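Work through the exercises below with the model open. Try each task before you read its solution.

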Amino acid sequence: SAEEKIRIVLEGLRGEDTIAEYFGMTEKALRAIEERQPKVFTAYRKGKARAIANAGSALMPGIKRGDIRAIQFYLKTQAGWSEKNALELSAAPVEDDKTWTINVIEPD
């Protein structure tokens with residue numbers, strides 16, 4: 001069935017563009033089908049949720065082991081963490097002094 005094919009395609013963590021290509025249609029046509037046939041939309045969303053859950057389940061053991069790549073990936077995708085340099089601004093202690101100090105903090 002179409003629902004089963006969508007589930008199979010999603011097992012590879014592919015998106016709507018790949019599904020449309022798999023069926024030989026445009027993304028616009030796939031969206032129209034999803035609107036017309038709610039079962040297709042539901043199958044896509046369930047398959048996507050299942051794939052995300054599987055990926056998360058595979059990621060968690062690495063995080064628990066202290067795998068820095070797994071931890072960084074999780075923080076980047078779920079907590080908005082970034083490796084960009086941070087700037088810390090502070091005013092000089094004397095009120096009349098308008099000198100600013102900028103400390104560049106490098107990521108570890």
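The exercises cover helix packing, a salt bridge and a pocket.

The model is predicted: local features need pLDDT of at least 70, side-chain atom pairs count only at pLDDT 80 or more, and totals for chains, interfaces and linings use all residues. Residues are numbered from 1 along each chain as its sequence is written, and side-chain values use heavy atoms, with hydrogens and water left out.

**Exercise 1.** Describe how H2 packs on H3.

*Solution.*
- Locate the helices: H2 is residues 16–23 and H3 is residues 27–36. Helices are DSSP runs (H or I, at least four residues), numbered from the N terminus.
- Take the geometry: the angle is about 95°, and the axes are 8 Å apart. Axes are lines fitted to C-alpha atoms over the stretch in contact, and angles run from 0 to 180 degrees between N-to-C directions.
- Classify: H2 and H3 are therefore roughly perpendicular (an angle of 65 to 115 degrees).
- List the contact (heavy atoms within 4.5 Å): Glu-16, Asp-17, Ile-19 and Ala-20 of H2 meet Glu-27, Leu-30, Arg-31 and Glu-34 of H3.
- Sort by class: 3 residues are nonpolar, none polar and 5 charged. Ala, Val, Leu, Ile, Met, Phe, Trp, Tyr, Cys and Pro count as nonpolar, Asp, Glu, Lys and Arg as charged, and the others, Gly among them, as polar.

**Exercise 2.** Do likewise for H3 and H4.

*Solution.*
- H4 spans residues 38–65. H3 and H4 pack at about 110°, with axes 5 Å apart.
- That makes H3 roughly perpendicular to H4.
- H3 brings Ile-33, Glu-34, Glu-35 and Arg-36, while H4 brings Pro-38, Val-40, Phe-41 and Tyr-44.
- By class, this contact has 5 nonpolar, no polar and 3 charged residues.

**Exercise 3.** Which residue forms a salt bridge with Arg-31?

*Solution.*
- Apply the cut-off: a side-chain nitrogen of Lys or Arg within 4 Å of a carboxyl oxygen of Asp or Glu.
- The partner is Glu-27, with the closest N and O atoms 3.8 Å apart.
- Both residues lie in H3, 4 residues apart, about one turn of the helix.
- The structure holds 1 salt bridge.

**Exercise 4.** Which helix gives the most to the lining of the largest pocket?

*Solution.*
- List the lining: Ile-52, Ala-55, Gly-56, Leu-59, Met-60, Phe-73, Tyr-74, Thr-77 and Gln-78.
- Assign helices: H4 and H5 (68–78) each supply at least two lining residues.
- H4 gives the most, with 5 residues.
- Check the classes: 6 nonpolar, 3 polar and no charged residues.

Note on methods. Angles under 35 degrees count as roughly parallel, over 145 as roughly antiparallel, 65 to 115 as roughly perpendicular and the rest as oblique. On a 1 Å grid over the protein atoms alone, a cavity is a set of points where a 1.4 Å probe fits but cannot get out, and a pocket is an open set with protein on both sides within 12 Å along at least five of seven lines; lining residues have an atom within 4 Å of a point.
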